There are 2 protein chains.
Amino acid sequence: MVDERMTQGDPQIPLRSQALELTERQRNVLRAVVEDYLRTAEPVGSKVLVDRHGLAVSSATVRSAMAELEALGLLSHPHTSAGRVPSDLGYRVYVESLMRESVLDRADELMIRHQFSQVQLTSNEWLRLAASILAGSTHSVSVVTPAKSRRARYGHVQLAELADRSRLCVLVLNDGNVVQRHLDRSTIDRLSPDGPIAQADLDLAAATLNAELGGLSAPQVRRRLGKLAPLATHVAEVVAQLLEEADGVVVEDVFTAGLANVLEQPEFAQGAKLRGILEVLQRSDFLEQLVPVLTRRGGVHVIIGHENTIDAMHEVSLVFAPYGAPDRALGLLGVLGPTRMPYPRAIPTVRYLAALMNELINSHYAETHD
Amino acid sequence: MVDERMTQGDPQIPLRSQALELTERQRNVLRAVVEDYLRTAEPVGSKVLVDRHGLAVSSATVRSAMAELEALGLLSHPHTSAGRVPSDLGYRVYVESLMRESVLDRADELMIRHQFSQVQLTSNEWLRLAASILAGSTHSVSVVTPAKSRRARYGHVQLAELADRSRLCVLVLNDGNVVQRHLDRSTIDRLSPDGPIAQADLDLAAATLNAELGGLSAPQVRRRLGKLAPLATHVAEVVAQLLEEADGVVVEDVFTAGLANVLEQPEFAQGAKLRGILEVLQRSDFLEQLVPVLTRRGGVHVIIGHENTIDAMHEVSLVFAPYGAPDRALGLLGVLGPTRMPYPRAIPTVRYLAALMNELINSHYAETHD
DNA sequence: ATTAGCACTCTCGCCCTTAGAGTGCTAAGT
DNA sequence: ACTTAGCACTCTAAGGGCGAGAGTGCTAAT
């Protein structure tokens with residue numbers, strides 16, 4: 001059964017499926033229609049429905065049930081003489097209360113786990129792998145964002161001189177993310193006490209900052225600016241900028257896989273609809289809408305078609321979950337596909353992958369002995 | 001005029017256009033056909049050709065010239081009663097010796113330069129911007145890779161303890177790229193001389209490595225492994241791994257923009273062809289073939305349709321250039337589009353952008369006073 | 001309530017036709 | 001010898017008509 005965390009109750013969704021009281025038959029018919037349509041991508045008629053699913057009634061009965069479901073807004077009709085197609089609301093009801101099996105096969109779990117065990121925990125590779133698994137397993141487009149803390153805090157800084165003799169300031173944030181910026185050469189050298197600066201001076205400045213600024217946020221760093229030596233102050237200024245830039249930016253550097261999958265879906269065969277999707281996907285600001293909900297609730301969150309606040313995404317569904325800890329670093333992962341998304345597969349996969357990533361993160365850190 | 005660096009002479013290209021001696025009329029007709037087709041995306045007939053371009057001959061004459069060009073393999077016929085379309089070889093001849101104006105408008109140059117001046121030199125933002133400009137300016141898909149040195153060399157390392165008490169090893173390579181890996185906690189603590197390790201111990205180890213390993217390659221680092229303290233040795237081991245992983249990897253973390261543009265091209269309206277492209281693009285290993293050529297020659301390099309070694313890319317053209325210094329860090333940038341690529345715009349744009357990025361890099365480092 | 005039967009509607013695929021574009025050839029003109 | 005006008009020919013793309021099939025909604029009987 002689907003756990004209640006998946007329940008959708010945001011203002012962006014006008015229609016509450018809970019308000020609908022369906023008869024057992026209506027529920028069975030709706031489920032059958034959705035599942036058939038998910039498989040075939042073709043409007044499903046009353047005849048095939050009784051044939052394929054073991055409904056112990058005649059097609060006429062099913063027809064009347066379908067008509068009722070259509071009146072309730074759960075099904076719709078492409079045209080007079082076509083079968084029925086689930087509406088967004090129909091999918092919603094299906095996802096919330098009709099869908100069976102919402103855990104992954106043991107075999108799938110092991111397969112995913114195995115792939116993770118094959119790769120080193122370089123964060124980028126890790127995310128790439130997650131995206132690739134998600135895409136492959138659901139045949140949709142997958143999106144994974146790095147885990148980021150809400151508030152950017154100072155972690156550790158290094159000042160490195162490169163082969164081309166430029167200086168790079170690399171700031172590791174408290175949450176493990178890394179940002180960097182080239183230092184302006186002339187400014188730096190001017191601040192040096194005597195003549196052109198040496199790596200030793202830079203190391204000293206870095207050590208000072210690391211001792212003084214650990215765990216501080218951008219404004220806190222700014223407040224210390226005056227109290228440091230000139231060179232350290234200059235670097236701290238850069239650090240403050242970097243912190244400010246990282247602050248509040250929720251989605252950036254997203255990893256995507258399986259773009260080609262979406263072309264196999266008949267609903268996106270012609271490019272017109274695809275275009276909007278691609279644009280949204282490349283800007284990837286569509287994830288913004290997920291952040292508040294996922295931070296607040298956790299669990300798998302499903303957004304179906306018109307429930308989406310972004311117009312260009314009225315024909316797609318999102319299945320997303322957060323990973324990491326809300327109080328620390330939080331990341332998003334999930335899939336994007338047509339509203340005819342294979343929910344029974346996508347939802348448990350996303351759930352499992354989010355849980356697995358949490359587990360791996362925690363076990364990695366739990367190896368401590370305290 | 002097109003400079004000779006653009007000339008294509010690799011074994012992968014069986015047909016050398018230089019071997020073809022065309023009459024002045026044939027050249028004019030070919031140029032007119034290509035330019036018309038680039039604009040309209042429709043097969044061009046003899047009639048419209050004399051109308052639109054000021055050819056002082058009749059359509060019958062043009063027809064015979066077209067027939068000659070077709071016999072030479074420069075034009076082709078979709079079907080009996082359609083106009084002519086340039087073949088890959090036709091495009092090649094056009095690009096090499098027929099195309100006019102291969103410098104960018106002054107206005108475009110300023111526009112691009114202006115956009116660059118607006119943004120801080122955080123390397124990622126920089127590349128993203130370049131990709132975005134390229135895509136916008138050529139209406140194609142753009143690809144930009146970070147500048148990387150052929151051989152990964154040690155630059156500077158830092159060991160940071162994060163909020164979750166995990167330890168991160170951040171290695172800045174000599175070429176300015178940054179790689180990272182989490183350290184295994186239990187191993188680290190075991191290596192500590194007395195009890196759980198402190199940030200001071202880590203700083204010390206990092207300082208040792210920075211003093212000892214600067215500029216070394218992976219095997220060189222490996223050779224030093226024994227000569228360091230246990231903790232430093234362990235980190236150096238990780239560093240060696242990171243260097244090895246970075247070594248030889250030419251393309252990674254590519255930045256792409258304008259994917260949606262390609263959907264506007266009629267040749268990719270239906271998804272079948274698009275699919276292959278998307279897949280290749282996401283793996284982005286198609287860039288590999290460019291590396292040797294660009295390293296050797298520099299300048300703008302054009303690969304048209306079947307000249308491409310990758311089957312899935314037989315219907316697309318690439319216009320790419322390297323930036324950076326071949327001996328130091330080298331990056332690739334360029335665009336990917338249908339063979340009906342707007343070469344007269346794409347080529348100078350790519351050339352200009354590569355030159356601009358070189359200029360910015362150099363001016364940035366030249367600010368030194370020595 | 002359920003179901004069989006039936007008339008009705010609408011789409012989809014098919015064929016046919018036609019209009020139009022463009023060619024290649026030939027014969028005449030320069 | 002090159003160019004061009006003229007013309008017959010070919011092929012596609014678009015449109016119309018037609019029939020098959022699928023699916024519905026209604027009604028009347030169980």
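1. Chain A puts 47 residues into the contact and chain B puts in 46, where two residues are in contact if their C-beta atoms, placed from the backbone, lie within 7 Å. Before you go further: this is a predicted model, with local features needing pLDDT of at least 70 and side-chain atom pairs counting only at pLDDT 80 or more, while totals for chains, interfaces and linings use all residues. Residues are numbered from 1 along each chain as its sequence is written, and chains are lettered from A and ligands numbered from 1 in the order in which they are written.

2. On the side of chain A that touches chain B, the elements giving two or more residues are β5 (154-161), β6 (167-173), β7 (178-183), α7 (185-191), α8 (199-213), α12 (271-283) and α14 (343-366) of chain A. Helices here are DSSP runs (H or I, at least four residues), as are strands (E, at least two), numbered from the N terminus. The largest share, six residues, belongs to α12(A). By class, that side splits into 17 nonpolar, 18 polar and 12 charged residues; Ala, Val, Leu, Ile, Met, Phe, Trp, Tyr, Cys and Pro count as nonpolar, Asp, Glu, Lys and Arg as charged, and the others, Gly among them, as polar.

3. Two or more residues each come from α2 (46-52) and α3 (59-71) of chain A and from α3 (59-71) of chain B. The largest share, four residues, is from α3(A).

4. DNA strand C also has 20 residues around it, and Thr61(A), Thr80(A), Ser81(A), Gly45(B) and Ser81(B) come nearest. Here α3 of chain A joins α2 (46-52) and α3 of chain B in giving two or more residues, and α3(B) gives the most, with four.

5. Last, a helix pair in chain A. The axes of α1 (residues 24-40) and α4 (residues 88-98) of chain A come within 10 Å and cross at roughly 110 degrees, so α1(A) and α4(A) are roughly perpendicular (65 to 115 degrees). Arg27(A), Leu30(A), Arg31(A) and Val34(A) of α1(A) meet Gly90(A), Tyr91(A), Val93(A), Tyr94(A) and Leu98(A) of α4(A). That contact has six nonpolar, one polar and two charged residues.

Definitions and conventions: Axes fitted to C-alpha atoms, helices over the stretch in contact; angles between N-to-C directions. Parallel < 35°, antiparallel > 145°, perpendicular 65-115°, else oblique. Near = placed C-beta within 6 Å.
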